[in-house]
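Hi,

Here is the structure I promised to pass on. Have a look at it, and then read my notes below.

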Amino acid sequence: MEAWFRSLGEKPFHARQVLKWIHRHQVTDFDRMTDLGKGLRARLKEQAGVRVPAVVCDQLSADGTRKWLLELCCGNRIETVYIPEADRGTLCVSSQAGCSLDCAFCSTARQGFNRNLDAAEIIGQLWVAMKELGDGQPITNVVLMGMGEPLTNFDNVVAATDIMLDDLAYCLSKYRVTVSTAGIVPAMDRLREVSEVSLAVSLHATTDELRDELMPVNRKYPIAELLAACKRFVAGDRRRRVTFEYVMLDGVNDSDRQARQLVRLMQGVPAKINLIPFNPFPSAGYRCSPRERIDRFREILSAAGLTTVTRKTRGSDIDAACGQLVGRVHDRSRRQPGRRMLAGGGL
Ligand code: SAH
């Protein structure tokens with residue numbers, strides 16, 4: 001924006017003023033940007049505009065979780081979710097319309113990939129949520145855990161998260177802005193170089209054989225390479241840890257043996273582990289592990305000294321839980337029902 005102001009023959013510092021108006025004060029009307037001169041305001045009105053995503057639908061869950069369906073240009077729709085907790089408010093932001101990675105247990109995968117969001121569409125989700133929530137419900141954390149794979153939309157995700165951390169904009173802590181990846185190894189290394197955001201990795205399996213099946217991206221970046229990249233990501237910063245997400249799939253990845261394998265994999269990786277109860281969706285082909293199984297799995301990890309939390313499922317009554325975000329309702333993929341469903345039936 002500084003370069004743009006320069007190209008108009010204006011002082012670049014106006015970029016900082018405008019950034020503050022838009023992101024700190026949620027003002028999009030140039031006439032209300034009162035520290036800009038009248039002439040400049042008139043020029044801005046002629047030559048620029050501030051556009052934000054349109055809210056198409058706004059749903060509130062019984063547990064306080066709120067989900068917005070947002071319409072971007074060209075008719076693409078994405079979802080953004082706010083999850084209030086006692087000590088924090090987390091916004092879950094999408095990075096793509098649809099997703100190309102085709103993870104077997106995720107409903108976003110079923111709609112296929114539509115397109116990358118640009119930086120404005122990513123930061124626009126935070127803007128809309130702040131505006132909608134008002135002062136009473138703060139956003140203290142942002143996770144890029146909505147629709148899409150953030151690290152295959154690298155430049156736009158970095159540009160948007162930079163604004164989240166910027167003192168003139170949202171001023172969020174680097175420990176509270178988290179990019180979640182299915183494990184795009186080269187992009188993890190680049191992220192470390194250009195950004196300070198925190199990293200979460202969707203692991204979900206302890207062997208390449210199973211991970212290949214659940215997450216096709218593993219065929220390109222198998223577990224050993226992924227974990228080596230995680231170690232590089234946190235190297236040199238003792239406060240940093242990678243958050244590993246592990247979705248609990250009944251009879252698939254939730255045995256005692258797999259818990260012990262996970263303990264071995266985590267050796268030497270500064271890690272926190274989030275166990276995510278699987279959130280079902282029509283024709284998912286998987287079931288969530290029973291509560292006792294999840295508890296037992298967690299105990300094995302905790303007993304081995306791993307910080308492990310079982311995530312509470314939030315907002316499932318409005319399809320706002322992990323893996324349930326679809327944006328647009330129809331199913332564009334030709335995926336067959338998971339073979340476990342065909343084998344096990346009864347879902
Ligand atoms: N592509 C990124 C961002 C998506 S984050 C990633 O893979 O990390 C969304 C998280 O929810 C991921 O950990 C994903 O694996 C998980 N998830 C997907 N479908 C799910 C489902 N049905 N139930 C629970 N978690 C799911």
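The shell around the ligand is made up of 11 nonpolar, 8 polar and 2 charged residues (Ala, Val, Leu, Ile, Met, Phe, Trp, Tyr, Cys and Pro count as nonpolar, Asp, Glu, Lys and Arg as charged, and the others, Gly among them, as polar). This is a predicted model, where local features need pLDDT of at least 70 and side-chain atom pairs count only at pLDDT 80 or more, while totals for chains, interfaces and linings use all residues. Residues are numbered from 1 along each chain as its sequence is written, and side-chain values use heavy atoms, with hydrogens and water left out.

In total, 21 residues surround the ligand, and the closest are Phe105, Ser180, Ser202, His204 and Asn279 (a residue is near if one of its heavy atoms lies within 4 Å of the molecule).

Now the polar contacts (pairs of N or O atoms within 3.5 Å). Histidine 204 puts a polar side-chain atom 2.6 Å from an oxygen atom of the ligand. In glutamate 149, a side-chain N or O atom sits 3.0 Å from a ligand nitrogen atom. Threonine 181 uses a backbone N or O atom, 3.4 Å from a ligand oxygen atom.

How much of the ligand does the protein bury? Taken alone the ligand exposes 540 Å², and 95% of that is buried by the protein (accessible areas by the Shrake-Rupley method with a 1.4 Å probe). Strands β8 (177-181), β10 (242-248) and β11 (271-277) are the elements that give two or more residues each to the shell (strands are DSSP E runs of at least two residues, numbered from the N terminus).

Cheers

Definitions and conventions:
A polar contact is a pair of N or O atoms within 3.5 Å; within protein, one must be able to donate a hydrogen and the other to accept it, and residues adjacent in sequence count only if both atoms are side-chain atoms. Helices (H or I, at least four residues) and strands (E, at least two) are DSSP runs, numbered from the N terminus.
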